[in-house]
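Please read the numbered points with the sequence and the model at hand.

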Protein chains: 2
Amino acid sequence: MRTSQFPLHTVRETPADAEVISHRLMLRAGLIRKLAAGLYTWLPLGLRVLRRVEQIVREEMNRAGALEVAMPAVQPAELWQETGRWDQYGPELLRLRDRHQRDFCFGPTHEEIITDLARNELRSYKQLPINFYQIQTKFRDEIRPRFGVMRAREFLMKDAYSFHLDETSLAETYQAMFDTYCRIFQRCGLDFRPVLADTGSIGGHSSHEFHVLAASGEDAIAFSSDGDFAANVELAEAVTPDGNAPPPSEPLRLVDTPQARTIADLVEQYAQPIERTVKTLVVAASDAVESDLVALLVRGDHELNAIKAAKRPEVATPLRFATETEIRERIGAGPGSLGPRGLPIPVIADRAVAVLADFSAGANRDGQHWFGLNWGRDLPLPPVADLRNVVDGDPSPDGRGYLKIARGIEVGHIFQLGRKYSEAMKATVLGEDGKAVTLTMGCYGIGVSRVVAAAIEQHHDERGLCWPAPLAPFTVALLPMKRDKSFRVREATDRIYQDLKAAGIDVLLDDRDVRPGVMFADIELVGIPHRIVIGDKGLDAGTVEYKGRRDADPQFIPLDGVLPFLRERLAAGPTP
Amino acid sequence: MRTSQFPLHTVRETPADAEVISHRLMLRAGLIRKLAAGLYTWLPLGLRVLRRVEQIVREEMNRAGALEVAMPAVQPAELWQETGRWDQYGPELLRLRDRHQRDFCFGPTHEEIITDLARNELRSYKQLPINFYQIQTKFRDEIRPRFGVMRAREFLMKDAYSFHLDETSLAETYQAMFDTYCRIFQRCGLDFRPVLADTGSIGGHSSHEFHVLAASGEDAIAFSSDGDFAANVELAEAVTPDGNAPPPSEPLRLVDTPQARTIADLVEQYAQPIERTVKTLVVAASDAVESDLVALLVRGDHELNAIKAAKRPEVATPLRFATETEIRERIGAGPGSLGPRGLPIPVIADRAVAVLADFSAGANRDGQHWFGLNWGRDLPLPPVADLRNVVDGDPSPDGRGYLKIARGIEVGHIFQLGRKYSEAMKATVLGEDGKAVTLTMGCYGIGVSRVVAAAIEQHHDERGLCWPAPLAPFTVALLPMKRDKSFRVREATDRIYQDLKAAGIDVLLDDRDVRPGVMFADIELVGIPHRIVIGDKGLDAGTVEYKGRRDADPQFIPLDGVLPFLRERLAAGPTP
């Protein structure tokens, strides 16, 4: 391609409304343009990258034996009513009415449609297992679309759905998809982690997310320093500390703390070590206990994990924090002065709290705290549970090393759905014994357009994009200097261009009449991995200048050796 | 592929609601399944065909220098309001509201979106001409979706939009797209005609449709027996007959015709030759004449062409036929007894009517007709115009032979839009003189999913689909007989399968445990062009059986010569 036929749409200004680097760079490099909130047009350069991701996904899904289909984007409400999701799904579901006033939605996901297809097409256990997928435009009416294509309303997704006779078969396909996802993100050249995940509203009982590691990631993930363990921080277990609480070494004392309303106040004003303070968080109770409220204890330096807390039978779901009024009415003190000693409601302690000695907590009277509290001596140890988020340095739940916390961007998600949809929609096949068996399902998604943004978050520098080789829109850029003035430069450039094209290398020849500085800046901004500059000065010495996108300095290579040189560089894989 | 991994979804029953053969066969062969009215899921086999069409379209568009983009399907109403189409477009436009109650539509076409992109991205005449395209899911809320994917609501479309400094540049790209479309449909293996077309509601002033010829086509097209002329029947000119009207040979006479209310009655009851009868059709007049009604004369055996009639300045647009009440009030007779002699409203005669002699027409009195009418002698010749549809055998407007009428399925449409959208949306660039120039536009569509249905309408027989080679989902089918019982058959089949795969031939091995008759019927139904049967009997003689999908009889070929034999057949192109 030549830039005269494949124009670049780079811009110098950093758009004001772009918050994250991938969004800024995608706009500046001319990959996308905004049409409206959460709606983006992919320009030719961006679409080349998107198609590369799409192609890798398609090849690997086919390799795994999945069958590509194309379901309509517009879905009839009736099917969503069968599973109850028409009412459950919030305003993220873009609902619409056709000219006959029938209800439809613009599909954000396709469980209902594929289950309808399966119940019509699948008759016998002999047809199982089967795995259908599609690569399709989806719509989710995000309340606050942002970060460009990272959290757009319309986006390209690969969604796959597998059907099985039983859980064992599902587990096999789930593992195959897990492996396929690893291959896909490896082939994309991304540093990623598969992590244990919550199954959330989509249902089912086993799930992994695939996260591209990047400082700007919206999710925190925890992974083992030495083992394979990785999980969303929300899900990672904070293991029980070794041993019991040390014996008491301080007397219990009631201290007036008129200015201490938070743990930070306590630490600062009374020199209490934060890891020996206890936060008392009051939430609504479930019907399982004879109390309207329940108290949860976590260490002052720890965070309550809402998902873990909501899984306790004593706690109401969804988790709801008590209001100050509720707390005052029931306990007689404000939220800043609560503590486990003498608390008139059920209490649950985090594992890390259960091994504390000589700790401080509120006295359930405004402006007073207990210092030197000890379990057993001063108050009974309440029931103990894992209630907190893991932190960097916690022991890894797999027993191998410690946990590291990193930020990640979720680009894939796989679920063992079980029979949630097939039961609701009566999707069955005849089993070996001739009796109807409800299908068991898995589903597997990849945010194809989000992968592009995630790749950029992970691969960029101050000059612009630094594509992993498999995603680069072009592999090599040819930059002729003063092309209009030098026949020799034109001739050498065209020869290299033809040689590279003939060798099947994706090459972009910048034949614009612009200053060299503009050319260099543009080509670095759009992130083409290999750059060759052809100028009269080099040609005098029979050379051209080569520079890898990540290289510090250019090098001169013989004019006659460009193709072998590049072949070697390309075979060597991505520049470090 | 093996059918064990790529299952066929053939069904025996012909679905009740499928009216046309392509719809029936697509359902029976398992290419598509209906989700709801006008919404179809493409099953793996159908999607392979759809992707082949898509790939041919993409390759040829790229070859023509067009740049692929991907615009959102969901479009903000504001842009449609700028061009006025938000109000003009009928209920075919699927309108929707997002969670913030903002108006959007699911795009049926993208003129507004691309023009918005162009006005933001294009600054200078140096960036012109430029041609953007996308291959995308569109939605048109048809009042009566039918014929399967032929007239679906959601469908796959290739839409392209070009931008130019002037009409000359537009004409060049228009011609390039014309040639590209011819190459695309040729490469698809289709018998097609580019035809002159009406520009309709999309606007602009030059347009061609591309029709796949098929008896079931919704459109009638006229093309020259000897020349290149081809046009939608609605648009083809009925040329002025040679010479003048013959001299009168009959006396004028008023005849009581109490039972004659139609031309057919007149022909049957009074032995009038139909080609010497005249129909008088009364329509609403425009402001250009001092009358509320205007009469249009066409020969009894001809049809009024509403588009041509509406182009006459005397006639109101859109064309509206007068009611019987209006006619009686104004003329004093019913619609079955009208004629040009003594008619108190303006009259326009079709060219074929102007050269009649001794013709019959109503007398403007109920139950009476004039026979033996002659222009000049009995009544003055009114203004003459081309008012009728051409018929088979009419002279061709290009002077080369005569017109043939065929049915066609519209699969492509190209338009010279001019400045309709760019003016409304103020899309300009700076011209060579530094002054703003409004962009000139062309647009170019292909109904990608409709091409699949059209190909089937043209290529099928009583046993099923007969794909043109470039669209076939698989090129060769391998059918092992009693595979489960014969090691030799399994071995020979697997060897051929591996050989063909290694040679890059798309092969489907039917490894199902089904009767040979079921296998034969399925493979013919899905229309795989080449079939090889491997059985013990043939292997005894060192042969396998080959049959082309269109061949009357199979032939035996040496087991060792399968690949060279197939290579020769494939190189020879489609079977006749």
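1. In chain A, strand β14 (residues 278-284) runs antiparallel to β15(A), and seven bridges join them. Strands here are DSSP runs of E of at least two residues, helices are runs of H or I of at least four residues, and both are numbered from the N terminus. Two strands are said to pair if DSSP finds at least two bridges between them. Within this pairing, A:A284 stands opposite A:L293 of β15(A).

2. Basis of the note. The model is predicted, so local features are reported only at pLDDT of at least 70 and side-chain atom pairs only at pLDDT 80 or more, while totals for chains, interfaces and linings use all residues. Residues are numbered from 1 along each chain as its sequence is written, chains are lettered from A and ligands numbered from 1 in the order in which they are written, and side-chain values use heavy atoms, with hydrogens and water left out.

3. The other neighbour of β15. Strand β16 (residues 347-350) of chain A pairs with β15(A) in the parallel sense, over three bridges. In β16(A), A:A349 is the bridge partner of A:L297.

4. Burial of β15. Seven of the seven residues of β15 (residues 293-299) of chain A are buried, so this strand is largely enclosed by the rest of the structure. Buried means under 20% relative accessible area, exposed means over 50%, and partly exposed lies in between, with a 1.4 Å probe and protein chains only. In a regular strand the side chains alternate between the two faces of the sheet. In β15(A), A:L293, A:A295, A:L297 and A:R299 point one way, A:V294, A:L296 and A:V298 point the other way, and all are buried.

5. Chain A as a whole. The secondary structure of chain A comes to 16 helices and 30 strands. Its C-alpha atoms fill a box of roughly 90 × 70 × 45 Å along the principal axes. Of the 576 residues of chain A, 58% count as buried. Among contacts in chain A (heavy atoms within 4.5 Å) between residues at least 6 apart in sequence, 68% join residues at least 24 apart.

6. Surface and charge. Chain A exposes about 23500 Å², of which carbon and sulfur atoms supply 49%; the area comes from the Shrake-Rupley method with a 1.4 Å probe. Chain A carries 70 positive and 81 negative side chains, and the centres of the two sets lie 4 Å apart. Lys and Arg count as positive and Asp and Glu as negative, whereas His and the chain ends are not counted.

7. Relation of the two chains. Chain A can be laid on chain B with an RMSD of 0.1 Å by a turn of 180° and a shift of 0.0 Å along the axis. That is the relation of a two-fold axis. In chain A, the C-alpha nearest the axis is that of A:L96, at 2.8 Å from it. The superposition is by least squares on the C-alpha atoms of residues with pLDDT of at least 70 in both copies. Of the interface residues of chain A, 100% are also interface residues in chain B, so the copies meet through the same surface.

8. A buried loop residue. A:V233 lies in the loop between β12 (230-232) and β13 (253-256) of chain A. With 9% relative accessibility, A:V233 counts as buried. Leaving aside neighbours within four places in sequence, A:V233 is in contact with A:A220, A:I221, A:A222, A:N305, A:N389, A:V390 and A:I405.

9. A covered helix in chain B. Helix α5 (residues 111-121) of chain B is mostly covered, with nine of its 11 residues buried. Among them are B:I113, B:I114, B:L117 and B:A118.

10. Cis peptide bonds. The bond from A:T317 to A:P318 is cis, with omega near -10°, and A:P318 is found in the loop between α8 (306-310) and α9 (324-331) of chain A. In chain B, the bond from B:L128 to B:P129 is cis, with omega near -10°; B:P129 is found in the loop between α5 and β7 (130-139).

11. Positive phi values. A:Q101, although not a glycine, has a positive phi of about 65°. This residue is found in the loop between β5 (94-97) and β6 (103-106) of chain A, and at 54% relative accessibility A:Q101 counts as exposed. A:K426, a residue other than glycine, has a positive phi near 50°. A:K426 is placed in the loop between α11 (420-424) and β21 (428-430) of chain A, and at 66% relative accessibility A:K426 counts as exposed.

Definitions and conventions: The place of a charge is taken as NZ of Lys, CZ of Arg, CG of Asp or CD of Glu.
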